[in-house]
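Here is a short report for a first look at this protein. Keep the sequence and the structure in view while you read.

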Amino acid sequence: MTRGRVRGIVLFMAAVRNTGADHTGRGMAAHLVAKTSEIAENEAKKVIIGDQHIAIYNLGGEFFASDDICTHAYASLAEGYIEDGCVECPLHAGRFDIKTGKAQGVPVTEDLKTFKVKVEGDSIYVEV
Ligand code: FES
């Protein structure tokens, strides 16, 4: 094996370790999505990463992320109402637990996908 090929493998392994990607190079990567000061308590911000629409929530200074689009019909949950750890959809008032994405009852029956959030200093990262 040549020295250049070994160096390439070492760089690839370092990239995998930093992104959480699997050995194929696919997998999760942390994306900087907002500053903590951009999202007030009990508010949310919509971000788009690739083709994913994601809502970032501030619950008492802790940040969480889920799919932004309601599982019932097409509505942005970042425009919803946040109360008691849940987001209420602005279209038909379906509610989801923000931490788990769990649907809380009719009209929503399908849970939201949630994403891992990491805060470093005042920067919010989402793993997608
Ligand atoms: S679109 Fe969200 S509850 Fe209907």
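## A buried valine

Val-126 is buried, because 23 other C-beta atoms lie within 10 Å. The cut-offs are these: a residue is buried with 20 or more other C-beta atoms within 10 Å of its own, exposed with 12 or fewer, and partly exposed in between, the C-beta atoms being placed from the backbone. This is a predicted model, in which local features need pLDDT of at least 70, side-chain atom pairs count only at pLDDT 80 or more, and totals for chains, interfaces and linings use all residues. Residues are numbered from 1 along each chain as its sequence is written.

Val-126 sits in strand 10. Helices (H or I, at least four residues) and strands (E, at least two) are DSSP runs, numbered from the N terminus. What does Val-126 touch, not counting residues up to four places away in sequence? The answer is His-31, Val-33, Ile-49, Ile-54, Ile-56, Ala-65, Phe-115 and Val-117. A contact here means that two C-beta atoms, placed from the backbone, lie within 7 Å. Val-126 and Ile-49 are 77 residues apart along the chain, and their C-alpha atoms are separated by 9.4 Å.

## Overall layout

The protein has one helix and 10 strands. From the N terminus on, the order is α-β-β-β-β-β-β-β-β-β-β. Of the 128 residues, 22% are buried. Take the contacts between residues at least 6 apart in sequence: 39% of them join residues at least 24 apart.

## Confidence

The average pLDDT is 86, and 80% of the residues score at least 70. pLDDT is the predictor's confidence in each residue, from 0 to 100. Where does it stay under 50? That stretch is residues 4–25, for which the model has 15 contacts beyond four places in sequence.

## The nonpolar core

In soluble globular proteins, nonpolar side chains tend to be buried together. A nonpolar core is a set of buried Ala, Val, Leu, Ile, Met, Phe, Trp, Tyr and Cys residues joined through C-beta atoms within 7 Å. Here the largest one has 22 residues. Those with the most contacts inside it are Ala-44, Ile-54, Ala-55, Ile-56, Tyr-57, Ala-65 and Leu-77. Strand 2 (44–49), strand 3 (52–59), strand 4 (62–67) and strand 10 (123–127) are the elements that give two or more residues to this core. Strand 3 gives the most, with four residues.

Now look at Leu-77. Leaving aside neighbours within four places in sequence, Leu-77 is in contact with Ala-44, Ala-55, Asp-68, Cys-70, Val-87 and Cys-89.

Strands pair if DSSP finds at least two bridges between them. The axes are lines fitted to C-alpha atoms, for helices over the stretch in contact, and angles run from 0 to 180 degrees between N-to-C directions. Five bridges join strand 1 to strand 10. Lys-35 has Ser-123 in strand 10 as its bridge partner.

Another open sheet has three strands in the order 5-6-7, again with antiparallel pairing. Its edge strands are strand 5 (81–83) and strand 7 (95–97), each pairing on one side only. The twist averages 25° from one strand to the next. Three bridges join strand 5 to strand 6 (residues 86–88). Tyr-81 has Glu-88 in strand 6 as its bridge partner.

## Loops and backbone exceptions

Most residues other than glycine have a negative phi, and most peptide bonds are trans. Asn-42 has a positive phi of about 60° although it is not a glycine. Asn-42 lies in the loop between strand 1 and strand 2. It counts as partly exposed because it has 16 C-beta neighbours inside 10 Å. Glu-38 lies in the loop between strand 1 and strand 2. Glu-38 has 13 other C-beta atoms within 10 Å, so it is partly exposed. The C-alpha atoms of Glu-38 and Asn-58, 20 residues apart along the chain, are separated by 9.8 Å.

Asp-84 has a positive phi too, near 50°. Asp-84 is found in the loop between strand 5 and strand 6. Is Asp-84 buried or exposed? It counts as exposed, because it has 10 C-beta neighbours inside 10 Å. The peptide bond from Val-106 to Pro-107 is cis, with omega near 10°. Pro-107 lies in the loop between strand 7 and strand 8 (114–115).
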